[in-house]
Amino acid sequence: MGQVLKRVQELELESGRVSRHDSITQQFPDLSQLPPEISLLVLSHLNATDLCLAACVWHDLGNDEILWHSLCHSQWRSVSIYGKPQSSEFSYKKLYLQLDEATLTFNADPKLGLEYLLKCNLVDDCPEEIAKYLHTCRKLDLQKKREFLAERQDVLDEIVKLQNFGNQFLPNALRQFFRETIPPNERNEFLSNLVKKFSERFCVCNPQLNLSQETVYIVCFSLILLSVDLTSPHIKNKMSKREFIRNTRRAAIGITDEFTGHLYDNVYLVGHVAPKA
């Protein structure tokens, strides 16, 4: 907020609307003298760090439960503690600090991060609740998240169930899934497992397509290979649309040349189906 005010004052000086003396002596209004709804609206634009600083000046406003409730839900949309009855001493500011500590710990060591979440009763010790936390937390290190999901297949299964691929074009759905699960850079058992789970979920969400899981699985790897071919600077002779259609037709059963052509166009125009984290 201080940087914004400073910039406003600079613009006022440049435009000549105020003198330098007036700009220097101009002060930020005392929020405690304003109606509470206006003061809270102003402070609602601050992040947690700035809100803590604001609390040093306006203690009651800076520690308002409404503001910290909003910050918690904006960063962690789903944690088990939200649905539990709270004592009279409960504070959303304290909860934010705990969740932030848990996230920082997870980003350093996923196992320790999970232990902290469970110890503080922030997340219930079940795959579904852990998956909801991972799915909605905005601050997680994606590489650490991948390491965790590679070891916790039960949580990965719940992550997959949270995905909705209904009426989505296959390459777009695959991108969405890979943004959530963070695929490895090379083909290995974990990547094969991810594609298998995606294929199962995609077929469940799109029964009207009449595609088998095996077909979707094969097409997914065709899209990954095509993505590498079209985006790699080391490959000079790019795969043509005709070649992709011919190769995919041989491997996958039940898809038309027109559908395969649209797959090629999507990767060509939108980009890699497994964007880097």
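A: In this predicted model, the residues that line the largest pocket divide into 12 nonpolar, 5 polar and 4 charged. The space in this pocket comes to about 550 Å³, and of the 21 residues in its lining, those closest to the centre are Pro-184, Asn-185, Val-228, His-272 and Ala-274. Two helices each supply at least two residues of the lining, namely helix 10, which spans 142–151, and helix 14, which spans 213–231; helix 14 gives the most, with 5 residues.

Among contacts with a separation of 6 or more, 59% are between residues 24 or more positions apart.

One example of how helices pack in this chain is the pair formed by helix 11 (residues 153–161) and helix 13 (residues 189–205), whose axes lie 10 Å apart at an angle of about 35°, in a crossing that is right-handed. On the side of helix 11, the residues that meet helix 13 are Gln-153, Leu-156, Asp-157, Val-160 and Lys-161, while helix 13 contributes Phe-190, Asn-193, Leu-194, Lys-197 and Arg-201. Sorted by class, this contact has 4 nonpolar, 2 polar and 4 charged residues, whereas the lining of the largest pocket, to return to the part you asked about, has 12 nonpolar residues beside 5 polar and 4 charged ones.

Definitions and conventions
Residues numbered from 1 in each chain as written. Predicted model: local features only at pLDDT ≥ 70, side-chain atom pairs only at ≥ 80, totals over all residues. Heavy atoms only, no water. Axes fitted to C-alpha atoms, helices over the stretch in contact; angles between N-to-C directions. Helix = DSSP H or I, 4+ residues; strand = E, 2+ residues; numbered from the N terminus. Left-handed = near helix turned anticlockwise from the far one by under 90°. Contact = heavy atoms within 4.5 Å. Nonpolar A, V, L, I, M, F, W, Y, C, P; charged D, E, K, R; others polar. 1 Å grid on protein atoms, 1.4 Å probe; cavity = no way out; pocket = protein on both sides within 12 Å on 5 of 7 lines; lining within 4 Å. Points joined across faces, edges and corners; volume = space filled by probe spheres on them.
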